[in-house]
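Thanks for making time this morning; I would like to walk through one model, going from a helix pair to the domains, the chain contact and the cores. Please keep the structure open while I talk.

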Amino acid sequence: MNNKKTSFSFSSVPYILWIALFVIVPIALVVRYSFFDLSGHFTFNNYQSFFSSIYFKLTINSFWYAFLITFFSLVFAYPTAYFLTKTKHKQLWLLLIIIPSWINLLLKTYAFIGLFGLYGPINAFLKMIGIGEHQLLFTDFSFVFVAVYIFIPFMILPIFNSLDKLNPALIDAARDLGAGAWTTFRRVILPLTMNGVKSGIQVVFIPSLSLFMITRLIAGNKVMTLGTAIEQQFLVTQNWGMGSTIAVFLILFMFIIMWFTGQKEKGGTKR
Amino acid sequence: MKDIIRAAAIISIVSIILMLVNAKLNGSGNRSDTNSITVFNWGEYLDPALLKQFEQETNIKVIYETFDSNEAMMTKIEQGGTTYDIAVPSEYAIEKMKEADQLLPIDHKKLPNLQNIDPYFLDLPFDPHNEYSIPYFWGTLGIAFNPELLEGQTFESWEDLWNPTLQQEVVLVDSAREVIGMGLNTLGYSLNSTDKTELQEAVDKLATLSPNVKAIIGDEITQLMVNGEAAVALTWSGQAADMMADNESIDYVVPQEGSNLWFDNMVIPKTAANVDGAHAFINFMLDAEVAAQNADYVGYSTPNLAALAFMDPAVTGDERYYPDEEARDHLEVYKDLGLTMLGHYNELFLKFKMNLQ
């Protein structure tokens, strides 16, 4: 008994170390820096300037684009995940969807600069079918498109898992009891896969709030997010205090979102 | 309780080991070899053949390392792990390094070739009497454009960028001082303005440019211009030279109202282990023929007056790279504005970017 206990506590050391060194210490540092101004004096000014109009607008902007990205990811991911569960070689199809997420993010983004270019294949196609050339790069459409492309595997996976675990007998039962296709979906399938949807929203919404590289490469800085502002404060202005303050708010927003989309376990799952 | 003590012990042991390794690594970098120097330069900014020639002439071995931004370079020198004998910062970075006491004074007596440098490039505000720095290359900020895509339209003034025919055509560099500076120059103000009403006027002026702005990006500008994807860009002379090398129809102009004049300069950081070797290297690079060969290779403008004689007159006579005295009078060198002012510039730039359409 005693032996078992020590082996357990010893195996938790890497976890404790990891959490302390890479989660708690960095967050504490970010919070600490947010209270210092450029000349290293203690101040609340950073928080005051965060509530000025410009950062408020940035926050609204970030949330709006994060919402759009999450919304379109969900709209495309749910049916995709549903049909994946119906296919014969579903693991293979799933793998094909996951593989692009192994490629470096920057590399994928650069690929889109070529694809969306004035002389790129997409414009060539549009011209061929008679729609004509369009400026695709440096628009908010291309920004949302590329972000959705990058995040969609992370939305499909949890939804696929929860759909796959769904007992088909439940659907049959619903149909037997006279529910139509829509009612079955709304009253049976959707509630039972809600956890997958929630974790999908979490892993897409939170990173999209702080996207920054794509805003410059694809949107040409026509879309501004909090992530862009943090990058600037640290790298150009070298105002670590202000950068940290924005980061503190981002962390706060993320906790709030986690809270709302978190899975509240009450008395186990009813199956 | 026991677990916590154990965890704490492990953390402290790991930290001590890391500290020892760190000390060991730093120690091994401090060699006292007088017969070698470490040169820290921008990437693609020196003809490698010249390093060999220097080694043969002086018997001093050169260890060559490169960096890609002033900030990265300053951080490495501050850390002091490597004994850099030569570094090549831009002018505003020199002001910062001087303030941080990271530079050694340069002994002009050891640099007989200093007389080759055009006096115009000596004794500039960022380093009076060239106490700490010797000019290496210089250039300007201006407009690169592709007349083929613009029905032959040309540019002489910054105002030309506001032309309504350029709707969604102009690409800007993602850098606060350059873009705000353009606004200040258009209104005839100084690039180093710290007057908040002038800055506000400049930003208001820039706001009216927003219908013409296609994008604000970084180094990707070069590729967009070369591919004919963008027609007009705010860019540095060196970047414009890269574009023109790949696409002959592109042209570059420094607007008449004035613009930024920038310098990269050789300095001897405090970390230097071989100060005599560093002086020998600077003197070597100041040699007329060496500077000419280097300028041919790198493609930027050399401040070395004597070197011009050894270069292709088609290049040295090109007003775009070597503007005459009169044109240079309108050019201005950046001063270090201090972090607070730089923060204000960035705040304004952020606002400008947020109001783009």
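Let me begin with how helix geometry is computed here: axes are lines fitted to C-alpha atoms, for helices over the stretch in contact, and angles run from 0 to 180 degrees between N-to-C directions. This is a predicted model, in which local features need pLDDT of at least 70 and side-chain atom pairs count only at pLDDT 80 or more, while totals for chains, interfaces and linings use all residues. Residues are numbered from 1 along each chain as its sequence is written, and chains are lettered from A and ligands numbered from 1 in the order in which they are written. When I say helix (H or I, at least four residues) or strand (E, at least two), I mean DSSP runs, numbered from the N terminus.

In chain A, helix H10 (residues 181-209) packs with helix H13 (residues 240-261) at an angle of about 170 degrees, and their axes are 10 Å apart. Because angles over 145 degrees count as roughly antiparallel, H10(A) is roughly antiparallel to H13(A). In contact terms (C-beta atoms, placed from the backbone, within 7 Å), the residues that H10(A) contributes include Phe205(A) and Leu209(A), and those it meets in H13(A) include Phe253(A) and Thr261(A). The residues of that contact divide into nine nonpolar, two polar and one charged, where Ala, Val, Leu, Ile, Met, Phe, Trp, Tyr, Cys and Pro count as nonpolar, Asp, Glu, Lys and Arg as charged, and the others, Gly among them, as polar.

Now to the domains, whose bounds come from an automatic or database domain assignment. Chain A has domain 1 (1-33) and domain 2 (45-261), with C-alpha centres 31 Å apart; four residues from domain 1 of chain A and six residues from domain 2 of chain A make the contact. Chain B is divided into domain 1 (31-138 + 262-322) and domain 2 (139-261 + 333-354), and the C-alpha centres of these two lie 28 Å apart. Their contact takes 15 residues from domain 1 of chain B and twelve residues from domain 2 of chain B, and on the domain 1 side H4(B) gives the most, with four residues.

How many residues of chain B are in contact with chain A? There are 25 of them, in contact with 26 residues of chain A. On the side of chain B that touches chain A, H14(B) gives the most, with nine residues, and that side divides into twelve nonpolar, six polar and seven charged residues.

Finally, the cores. A nonpolar core is a set of buried Ala, Val, Leu, Ile, Met, Phe, Trp, Tyr and Cys residues joined through C-beta atoms within 7 Å, and buried means that 20 or more other C-beta atoms lie within 10 Å of a residue's own. The largest such core has 91 residues, and Ala147(A), Ala144(B), Val171(B), Ile180(B) and Val232(B) touch the most other members. Its largest share, 13 residues, comes from helix H8 (residues 140-165) of chain A.

Leaving aside residues up to four places away in sequence, Ala144(B) touches residues including Ala240(B) and Met243(B). In helix H8 (residues 237-246) of chain B, Ala240(B) and Met243(B) are among the buried residues. The buried residues of H8(B) pack against S5, helix H7 (220-226), strand S8 (232-236) and strand S9 (251-253) of chain B.

Notes. Two residues are in contact if their C-beta atoms, placed from the backbone, lie within 7 Å. Angles under 35 degrees count as roughly parallel, over 145 as roughly antiparallel, 65 to 115 as roughly perpendicular and the rest as oblique. A residue is buried if 20 or more other C-beta atoms lie within 10 Å of its own, exposed if 12 or fewer, and partly exposed in between; C-beta atoms are placed from the backbone.
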